[in-house]
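Work through the exercises below with the sequence and the coordinates open. Each task is followed by a stepwise solution.

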Amino acid sequence: MSFEKEIQKRRTFGIISHPDAGKTTLTEKLLLFGGAIQEAGAVKNNKIKKSATSDFMEIERQRGISVATSVLAFIYKDKKINILDTPGHKDFAEDTFRTLTAVDSVIVVIDVAKGVEEQTEKLVEVCRMRKIPIIVFINKLDREGKDAFDLLDEVEQKLGLSVTPLSFPIGMGYDFKGIYNIYEKNINLFSGDSKKNIEETIAFDDVQSPELETVIGEKAATTLRDDLELVNGVYPKFSKEKYLASEQQPVFFGSALNNFGVRELLDCFIEIAPSPRPKRAEEREVVANEKDFTGFVFKIHANMDPKHRDRLAFIKIVSGTFERNKPYLHVRNNKKLKFSSPNAFFAEKKEIVDISYPGDIVGLHDTGHFKIGDTLTEGEELHYKGIPSFSPEHFRYINNGDPMKAKPLYKGIDQLMDEGVAQLFTLELNGRKIIGTVGALQFEVIQYRLEHEYGAKCTYENFPVFKACWVDPDDKNNDEFKEFKRVKQKFLAKDKQGQLVFLADSQFSLQMTQQKYPSVKLHFTSEFE
Ligand code: G4P
C-alpha cells in the first residue's frame, strides 16, 4: 500500500469522559466491532491483569482506578483505528491532557442522566483550545435520563460547543424504543440484547410515511416527527468541514452496554474523523505525508513489567515512517538512537514492528533518555510544541527521609518528573524542593515508587500554595519586574525547565499581585504565546 494510503486509512483518537459515563464500555464495544477482541469484558480484564504484574499498578488496582493510558488498535472497514485510552480519574488529568496532544480527534461520552460533569468540562476545554474535532456520544439511553433537547442545550452551554445531532432517541429508559439515525436516514430498534453484533436497521428516508406508526407505534411516531422537526429548525445541517475545523460537533445517542448506537457512531466516525493532522513545531508546521520521520513522546510508562525495570516511551508518529533499527536524532540530547524492538499495539497486545506510519503510536524501551515532549527526527532540529505543564493543585515540600540515600532520591525524583508524574519547583530563596500535583493521590504514588524503584525514602511537609503561575514579564529590565522579584522573593521558584514561577498562596494574593504589577503577566500553564 502506498505511503499516502497508509496515512489516509489511520484514525487516531481518544475517548474522554467523566468517570463512570461509559468510556471503558464504549472502548470495548468498538474493539468488538473491529474483531480485535472476542468477548465483552476483555478490556477491563486486561486492566486488572496488567495491574497484578506491576507494583506500581498495585496501587491503582487497590483503588480501582485505571491509571494506565494504553493504546488499543484495530482494523475496521479497512481503517486502522488507534484508540488512545485516557484515565478518567481527575488526579490523573495531566496524563489525559498530554495524551490529547497525540490524538487527531476525540469522542466525548456523556451519561444521559448525569449530563455534563466536571471532568468532561475540563477535558473538552483543552480540546477546544487545540481545535481538536469532537464527536459527542450520549450514553445509557436504556436508563431514564434528561430530555434530549435539554441535554443538547447543556452540552452547548457548559462545553461551549455548537452541536448538531446526527441521531435522535425514540423514547428513553423503560420506553426506549430505539434511535432514528439522521445521518444514515434509518431506524434502529432497541432490543436490549447486548450480544447482538449489529442491530437491524430499517431504512426510513421519510419519517412522514405512515409506515412509521407500524414500526414504533402511534405515540412514538408523533413525538419523533415533532422532535425531528425541531432538530431541523434549531440545529444547523451537519458540515464535515466545520466538524474538522472544530466549529461544529455532531452528537450520537446510544447505549454502550447494550452495544446500541455504537456501530452508527463507528461508521460515521471512520467516514468523517480526520486522518493524522499536521502538527506545529516551534520551527514550522509538519504534515503527515512528509518523507522524513518525525515524532514526539507524549507518555512514559514505568515498570510495565517489574522484572525489567525499564520504561516504555510512547511516541506519536507525526510524519514519515518509523523503522526498526534505523538511527534517529533525539533532538534535546543531540544524540542518534536506534531502536531494535519498537512495540506497536494491537488490541490489548503489543508486538515488535518493523515499520509504522503517521498516526501510529510506537512504544520504545527507554532507560532514561526520554522526557515527555521530546522530539525524534531523521536529523532536523525540530521541537514539537504543545505539551505544556498546567498549574498543579496540591503542593508539598519534599524532604529526604534517609540521609544515606540522597543520590537515589534525587535520581528518582528526576526520573518521575520526566515521566510527568508531578512537577518539581525549586524555591529561589533557599533551594528547597516542592512537588506539585494535580491530585493528592500522586504524593502516595511518588512515595511508593521512590521506595520500591529507587530504594529511597521521602517525607512531605505542607506548603500552602493556591496556584503556580508561570511568570512572563513584558520587560525583564524594568523597575516593576525588579520590584516584583524583590517583594515576592519568598514565593518565587524555578520549574524543571528553569522557568520562573510565582507560587501564589491564595486567590486574593494572586489578584493583588496582578493588580500591583500589571506588566508582569502570570499564566496557569507553562506555555504561552
Ligand atoms: P468509565 O470507563 O467511563 O469509568 O465507565 P465504564 O465503562 O466503566 O462504565 C461505568 C458503569 O456504567 C458500568 O457499570 C457500566 O456497566 C455502566 N454502563 C456503561 N454503559 C452503559 C449503558 O449504556 N447503559 C447502562 N445502563 N449502563 C452502562 P458498573 O456497575 O459500575 O460496572 P460493571 O460492574 O458493569 O463493570
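**Exercise 1. Find the bridge partner of Phe 395 in S26, then place the strands around it.**

Step 1. Phe 395 is bridged to Gly 436 in S26. Strands here are DSSP runs of E with at least two residues, helices are runs of H or I with at least four residues, and both are numbered from the N terminus.

Step 2. Strand S24 (residues 394–400) pairs with strand S26 (residues 433–437). The sense is antiparallel, over four bridges. Pairing requires at least two DSSP bridges between the strands.

Step 3. S24 also pairs with strand S27 (residues 458–462), antiparallel, over five bridges. In S27, Asn 462 stands opposite Arg 396.

Before going on, note the conventions. The model is predicted: local features need pLDDT of at least 70, side-chain atom pairs count only at pLDDT 80 or more, and totals for chains, interfaces and linings use all residues. Numbering starts from 1 along each chain as its sequence is written.

**Exercise 2. List the domains and describe the contact between domain 1 and domain 3.**

Step 1. The assignment gives domain 1 (3–174 + 235–275), domain 2 (280–377) and domain 3 (394–523). Such bounds come from an automatic or database domain assignment.

Step 2. Nine residues of domain 1 and ten residues of domain 3 make the contact. Two residues are in contact if their C-beta atoms, placed from the backbone, lie within 7 Å.

Step 3. On the domain 1 side, helix H4 (55–63) and helix H5 (93–99) each supply at least two residues. H5 gives the most, with four residues.

Step 4. That side has three nonpolar, no polar and six charged residues. Ala, Val, Leu, Ile, Met, Phe, Trp, Tyr, Cys and Pro count as nonpolar; Asp, Glu, Lys and Arg count as charged; the others, Gly among them, count as polar.

**Exercise 3. Which residues touch the most other members of the largest nonpolar core, and where does this core lie?**

Step 1. A residue is buried with 20 or more other C-beta atoms within 10 Å of its own, exposed with 12 or fewer, and partly exposed in between; C-beta atoms are placed from the backbone. A nonpolar core is a set of buried Ala, Val, Leu, Ile, Met, Phe, Trp, Tyr and Cys residues joined through C-beta atoms within 7 Å.

Step 2. The largest core has 99 residues. Val 106, Val 108, Ile 134, Val 136, Phe 137, Val 297 and Ile 315 touch the most other members.

Step 3. Strand S15 (residues 311–319) gives the most to this core, with six residues.

Step 4. Domain 1 and domain 2 both give residues, so the core lies between them.

Step 5. A second, separate core has 29 residues, including Ile 413 and Phe 502.

**Exercise 4. Is Lys 131 buried or exposed?**

Step 1. Locate Lys 131: the loop between helix H6 (118–129) and strand S5 (134–139).

Step 2. Count. Lys 131 has 12 other C-beta atoms within 10 Å, so this residue is exposed.

Step 3. Check phi. The value for Lys 131 is about 55 degrees, positive although the residue is not a glycine.

**Exercise 5. Describe the shell around the ligand.**

Step 1. The shell holds 17 residues. The closest are Lys 23, Thr 24, Thr 25, Ser 255 and Leu 257. A residue is near the molecule if its C-beta atom, placed from the backbone, lies within 6 Å of it.

Step 2. Helix H2 (residues 23–33) gives the most, with three residues.

Step 3. By class, the shell has four nonpolar, eight polar and five charged residues.
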